[in-house]
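Here are some short notes for a first look at this model. Please keep the structure open while reading them.

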Amino acid sequence: MLKPDDQVRLETERRAFAMWWAGNRSQPFTLERHEAYCVCDVLFPSFFARRRMEWRGLFGWFAERIPFSPLKVFCYRRLGVKIGRDVFIAPGVVLDPFYPELIELEDGCFLGMGCRIMTHEYTATSFRMGRVRVGRGAVIGGWATVRSAVRIGTKATVGLNSLVSEDVPDGATVGGVPARVLKEKAQEEAEGTASRPSRNTEEPS
Ligand SMILES: CC(C)(COP(=O)(O)OP(=O)(O)OC[C@H]1O[C@@H](n2cnc3c(N)ncnc32)[C@H](O)[C@@H]1OP(=O)(O)O)[C@@H](O)C(=O)NCCC(=O)NCCS
């Protein structure tokens, strides 16, 4: 049984969450954690909401293990992930089942093997959740992790094993932990048009 003050705080946080959810969700939703109740009491107020969350966790676990992209796309759409046309999801990709509705994969993007997209995060004292958008034609490198409330720009590339904790500009290549811009869009375009010999091309003798 909650104390009256804690009950009021819980109701206030539930209302704040409902307003954030009804809005455009462009900014992350954050909460301070309290000892009196769990964040789940704010986000999943009813018995059925909790069971639904657990069911999504189970279905997400199943979808992660499917080796074929079209079937993965089908399952993740059922879970609420917004997925455009010609999206490829490699084996081992983890799409956060906590709030999959917050993930948007635009047309033609490519999620490399074992990469992870998070929509929520706990710390010892706080909680945050936010929308992740992967832009048209963007590539997330293998085993990279994308933090909640981040946008990956159109035709951007995230390097292998990176941690993306802030927005990636359109056309940029980023890498590292935390990810930093390795190449800007202009540089990518210049290199794309330059007549650079391929690494696989042997020098003429
Ligand atoms: C990021 C990536 C695209 C860069 O490739 P590239 O354009 O050939 O770049 P280079 O190899 O010339 O490296 C350029 C610089 O970025 C650094 N770099 C490359 N990949 C990096 C990574 N994942 N994390 C951090 N730094 C990285 C290099 O060390 C180099 O640094 P330097 O200039 O100080 O020497 C490539 O390394 C990569 O991660 N590709 C994986 C794509 C992928 O996983 N696709 C989906 C699955 S198939």
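1. Start with how helix 4 packs. The model is predicted. The buried residues of helix 4 pack against helix 3 (47-64). They also pack against three strands: strand 2 (82-83), strand 3 (88-89) and strand 4 (94-95).

2. Which residues of helix 4 are buried? They are K72, V73 and Y76, in a helix that spans residues 69-79. Viewed down the axis of helix 4, the buried residues fall within an arc of 100°, so they line one face of the helix.

3. The face turned away from its buried side carries P70, L71 and R78, which are exposed. After helix 4 comes G80. The phi of G80 is positive, near 115°.

4. Next, the nonpolar core. The largest one has 36 residues. I140, V146, I152, V158 and V164 have the most contacts inside it. Helix 4, strand 5 (103-105), strand 10 (132-134) and strand 11 (139-140) each give two or more residues to this core. In soluble globular proteins, nonpolar side chains tend to be buried together.

5. Finally, the ligand. How many residues surround the ligand? There are 14, and the closest are G112, G141, G159, L160 and G175. By class, the shell around the ligand has 10 polar and 4 nonpolar residues. No charged residues are found in this shell.

Technical notes: Residues are numbered from 1 along each chain as its sequence is written. This is a predicted model: local features need pLDDT of at least 70, side-chain atom pairs count only at pLDDT 80 or more; totals for chains, interfaces and linings use all residues. A residue is buried if 20 or more other C-beta atoms lie within 10 Å of its own, exposed if 12 or fewer, and partly exposed in between; C-beta atoms are placed from the backbone. Helices (H or I, at least four residues) and strands (E, at least two) are DSSP runs, numbered from the N terminus. The arc is that of the directions from the helix axis to the C-beta atoms. Two residues are in contact if their C-beta atoms, placed from the backbone, lie within 7 Å. A residue is near a molecule or strand if its C-beta atom, placed from the backbone, lies within 6 Å of it. Ala, Val, Leu, Ile, Met, Phe, Trp, Tyr, Cys and Pro count as nonpolar, Asp, Glu, Lys and Arg as charged, and the others, Gly among them, as polar. A nonpolar core is a set of buried Ala, Val, Leu, Ile, Met, Phe, Trp, Tyr and Cys residues joined through C-beta atoms within 7 Å.
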